[in-house]
Amino acid sequence: MDRQFLMEIMEINEKLAEAQSEAAMKETESIVRAKQKELTDSVSRAFEQDDLEKAKEILTKMRYFSNIEEKIKLKKIPL
């Protein structure tokens, strides 16, 4: 993983951890959904071009965002 991507993931995770309001959670969720959409489009293009290495890299990034989505869902569930 490239350093810039990992920094982005860390920042989003920090933002989620610090989110105390519904609005802050929705903002983080919106960012993650936009990134997932962008990555979905990119992986589709990679598969269309038979660039399997690029597709693999993008799918790995998507897994990071999927993990954040799970954290958001868990945080929304009241204990």
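Analyst: Start with phenylalanine 65. Leaving aside neighbours within four places in sequence, phenylalanine 65 is in contact (heavy atoms within 4.5 Å) with Phe5, Glu8, Ile9, Ile12, Val32, Lys35, Gln36 and Leu39.

User: Before we go on, what sort of model is this?

Analyst: This is a predicted model: local features need pLDDT of at least 70, side-chain atom pairs count only at pLDDT 80 or more, and totals for chains, interfaces and linings use all residues. Residues are numbered from 1 along each chain as its sequence is written, and side-chain values use heavy atoms, with hydrogens and water left out.

User: Which residues have the most contacts inside the largest nonpolar core?

Analyst: Val32, Ile58, Phe65, Ile68 and Ile72 do, in a core of 16 residues. H1, H2 and H3 are the elements that give two or more residues to this core. H3 gives the most, with six residues. A nonpolar core here is a set of buried Ala, Val, Leu, Ile, Met, Phe, Trp, Tyr and Cys residues joined through side-chain atoms within 4.5 Å. Buried means under 20% relative accessible area, exposed means over 50%, and partly exposed lies in between (1.4 Å probe, protein chains only).

User: Zooming out, how many helices and strands are there?

Analyst: Three helices and zero strands. Along the sequence the pattern is α-α-α. Helices (H or I, at least four residues) and strands (E, at least two) are DSSP runs, numbered from the N terminus.

User: What does the C-alpha trace span?

Analyst: About 45 × 20 × 20 Å along its principal axes. Of the protein's 79 residues, 27% count as buried. Among contacts between residues at least 6 apart in sequence, 65% join residues at least 24 apart.

User: And how much accessible surface does the protein have?

Analyst: About 5,800 Å², and 53% of that belongs to carbon and sulfur atoms. Those areas come from the Shrake-Rupley method with a 1.4 Å probe; for residues, only the protein chains shown count as cover.

User: Let's look at H2. How far apart are its end C-alpha atoms?

Analyst: They are 39 Å apart. The expected span is 1.5 Å times one less than the number of residues.

User: What do the buried residues of H2 pack against?

Analyst: Helix H1 (3–18) and H3. Among the buried residues of H2 are Met25, Glu29, Val32, Gln36 and Leu39. Just after H2, aspartate 50 takes a positive phi of about 55°.

User: Is glutamate 29 buried or exposed?

Analyst: Glutamate 29 counts as buried because its relative accessible area is 14%. Leaving aside neighbours within four places in sequence, glutamate 29 is in contact with Ile72 and Lys76.

User: New topic: charges. How many salt bridges does a search of the whole structure find?

Analyst: Ten. A salt bridge is a side-chain nitrogen of Lys or Arg within 4 Å of a carboxyl oxygen of Asp or Glu. Side chains of opposite charge can pair when their charged atoms come close.

User: Which residue does lysine 61 bridge to?

Analyst: Aspartate 2, at 3.5 Å, N to O. This pair links distant parts of the chain: lysine 61 is in helix H3, aspartate 2 is in the segment before H1, and they are 59 residues apart. Lysine 61 counts as buried at 15% relative accessibility. Aspartate 2 is partly exposed at 35%.

User: What does lysine 37 pair with?

Analyst: Aspartate 41, with the closest N and O atoms 3.0 Å apart. Both lie in helix H2, four residues apart. Aspartate 41 counts as partly exposed, because its relative accessibility is 32%.

User: Last one: which residues make the nonpolar surface patch?

Analyst: Phe47, Leu52 and Leu59, over about 290 Å². Patches are made of residues with over 30% relative accessible area and no salt bridge: like charges are joined within 9 Å, nonpolar side chains (Val, Leu, Ile, Met, Phe, Trp, Tyr) within 5 Å. Leucine 59 is found in helix H3 (residues 52–76). At 38% relative accessible area, leucine 59 is partly exposed.
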